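Colleague: Can you walk me through the packing in this one? I'd like to start with the rings.

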Amino acid sequence: MKLPWLTPVLEATGPVVSVHLDTTRTDPQAAGELEARWARMRSTLTADGAPRALLAQIEETVLSPSTLGGRQGRSVFATDDGILVDRVLPAPPLQESVHRGEFPQLLPLLQLIPFAVRQLLVVVDRAGADLHLRAPENPSIAHGPNGLGEDATVEGGHDVLHKASVGGGPQHGWRADNFEARVEDSWERNADAVAAAVERALREHRVDMVMLSGDVRAMGLLREALGRETRERLLEVPGGSRGAALDRGPFREALTRTTEEFIAARQRELEGRFRESQARDGASVGGATEVAQAISRGQVEELVFVTGGEPAGIEELLRTALAIDASVSALQEDALGIPEGVGALLRWKDEATPSNSIGSMSGDRARE
């Protein structure tokens, strides 16, 4: 994942404050517990010399409820002059932390990269569709702005939608056939309008995951109207209907399950990509020393680390990787084949590049 929005943090001079906090409010006691945890963090920052005005600004930020529901977190980075980055997170940090020092503390935020999935949920009926965008900066599909403008709701504009009967019995003859043809034509034209909006959203918002729910017939028509690449990306989620709450029990559970399956598949793909690259000459390096050397030479295309298995110098590796515009990805703690918990996929290689063979990089078999 590219993280250009962290540039102001990386370029900041002077002491940098980093706050990573669980801001979930799913039970009545949550607000009070959040205030107590923040009070302890504030005391730590006060002792470290953070200005009172800055602490008041951060406090207002982290204690103000977001528009999002469910489990969530917040990361705030600031200098003495004010907040640089305030990010609502799609999941609580694995471990809350607060830090004031020369460099920002990035790891608690970047450990959550696997959950930063940009999704588009399309809920269709035969008249049109509702489109819901879930982005890393707005990590809820059920709350907050869609960021899709006019595309948030698409009405096809063709309103001959229902096949009818007259006089208590079914219609017969050419008039009935003509009417039913008009109905089918309306459905198809409406599906075309929705498909155009979906394709536009995918182009403009770099969507990772596309979910489809709603009326079964409308879903089929939309599939036919979409381009082949988009059709192949669609993940069907049962139980959705236009105008209904997205956070109701069974449908919310289906959305969560589909998202978790997508994240797990993407993790397996990343792990497999790194392991495969180890079998190709020079495609990747593994281990803290080798990765640091590759970063210093500008070779790293993507830094990969294992959550919970990071080497001691991971913060510096993260900062320097981001400084050369490398992507950063995190793998779950059960990932295998990443020496010392960190590796890098390379942009290029030369004779000075460390060997990319895990077994040849060290005589220490504990690294394999």
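This is a predicted model: local features need pLDDT of at least 70, side-chain atom pairs count only at pLDDT 80 or more; totals for chains, interfaces and linings use all residues.

Modeller: R87 sits over the face of W5, 3.7 Å from the ring centre.

Colleague: Which residue lies over the face of F103?

Modeller: That is R319, at 3.9 Å from the ring centre.

Colleague: And how many aromatic pairs does the rule count?

Modeller: The count is 0 aromatic pairs.

Colleague: OK, on to the core. How many residues are in the largest nonpolar one?

Modeller: The largest nonpolar core has 31 residues. Those with the most contacts inside it are L6, L110, L303, F305, L318 and V328.

Colleague: Which elements supply at least two residues each?

Modeller: On the helix side, α4 (107–110), α9 (288–296) and α10 (314–323) do. The strands are β3 (82–89), β13 (300–306), β14 (327–331) and β15 (342–346). The largest share, 5 residues, comes from α10.

Colleague: What is V328 in contact with, leaving aside neighbours within four places in sequence?

Modeller: V328 is in contact with M1, L3, L110, I113, L303, F305, L318 and L322.

Colleague: What lies apart from that core?

Modeller: Another core of 21 residues, among them L120, A195, L202 and L226.

Conventions. Residues are numbered from 1 along each chain as its sequence is written. Side-chain values use heavy atoms; hydrogens and water are left out. A nonpolar core is a set of buried Ala, Val, Leu, Ile, Met, Phe, Trp, Tyr and Cys residues joined through side-chain atoms within 4.5 Å. Buried means under 20% relative accessible area, exposed over 50%, partly exposed in between (1.4 Å probe, protein chains only). Helices (H or I, at least four residues) and strands (E, at least two) are DSSP runs, numbered from the N terminus. Contact means heavy atoms within 4.5 Å. Rings of Phe, Tyr and Trp (its six-membered ring) pair if their centres lie within 6.5 Å; planes under 30 degrees apart count as stacked, over 60 as edge-to-face and the rest as tilted. A charge sits over a ring if NZ of Lys or CZ of Arg is within 6 Å of the ring centre and within 35 degrees of the ring normal.
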